[in-house]
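Here's a quick tour of a protein fold, going from the overall layout down to who sits next to whom. Have a look at the sequence and the structure first.

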Amino acid sequence: MADTFEIEIDTPERRLAQEQAIRAQIPAQDGYIGVLPGHAPLVSILGVGVLTYTTPDNQHHVMAVRGGFLEILDNHVRVLPDKAEKASEIDVAQAEKELKDAEAAMVNPALGIDIAGALIGVDHARARIDAANKQKTGEE
């Protein structure tokens, strides 16, 4: 069994990562999936949350992801999120504003508001804030 696996993270706009990793935690639609070298083959829908992975030199990488797909096959983890941001690129003040706006829309729904979309907006804003905080504290 190998000591590492390749993780590749690509959004429709850009590649965020392609490197060797020793572990990862990825938000799937029904909960988080932990990945270690030798993981069984898997295809899953991504959820909204914080994706983390650690490289062999013990560098921790954190990003917020939303929607898309995950494939694990032959020690290669391919993450294809609809949206993703590295924690270091997240504007926390903007994410907090988006969270407040989405929560306000849920409390006082206007005619024709998309409640499901507002819920996803709340989750995505929280994931962005959590990712930025994990990056600052060095959490995995």
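## Overall layout

Helices here are DSSP runs of H or I with at least four residues, strands are DSSP runs of E with at least two, and both are numbered from the N terminus. On that basis, the protein has 2 helices and 8 strands. Walk along the sequence and you get β-β-β-β-β-β-β-β-α-α. The radius of gyration (taken over C-alpha atoms) is 16 Å, close to the 14 Å that the globule rule gives for 140 residues, so the protein is as compact as a globular protein of that length. That rule is 2.2 Å times the number of residues to the power 0.38. The C-alpha trace spans about 55 × 30 × 25 Å along its principal axes.

A word on the source: this is a predicted model, where local features need pLDDT of at least 70 and side-chain atom pairs count only at pLDDT 80 or more, while totals for chains, interfaces and linings use all residues. Residues are numbered from 1 along each chain as its sequence is written, and side-chain values use heavy atoms, with hydrogens and water left out.

## Strand β3 and its partners

Strands count as paired if DSSP finds at least two bridges between them. β3 (residues 23-28) runs antiparallel to β4 (residues 31-35), with 5 bridges joining them. A hairpin of 2 residues links β3 to β4. Ala28 has Gly31 of β4 as its bridge partner, and Ala24 stands opposite Val35 in β4.

β3 also pairs with β6 (residues 48-54), again antiparallel, through 3 bridges. Here Arg23 stands opposite Thr54 of β6.

## The two helices

How do α1 and α2 cross? The axes (lines fitted to C-alpha atoms over the stretch in contact, with angles from 0 to 180 degrees between N-to-C directions) of α1 (residues 92-107) and α2 (residues 115-137) come within 8 Å and cross at roughly 155 degrees. That makes α1 roughly antiparallel to α2, a label for angles over 145 degrees.

Contact means heavy atoms within 4.5 Å. Residues making the contact include Leu99 and Met106 of α1, and Val122 and Ile129 of α2.

Notes: Angles under 35 degrees count as roughly parallel, over 145 as roughly antiparallel, 65 to 115 as roughly perpendicular and the rest as oblique.
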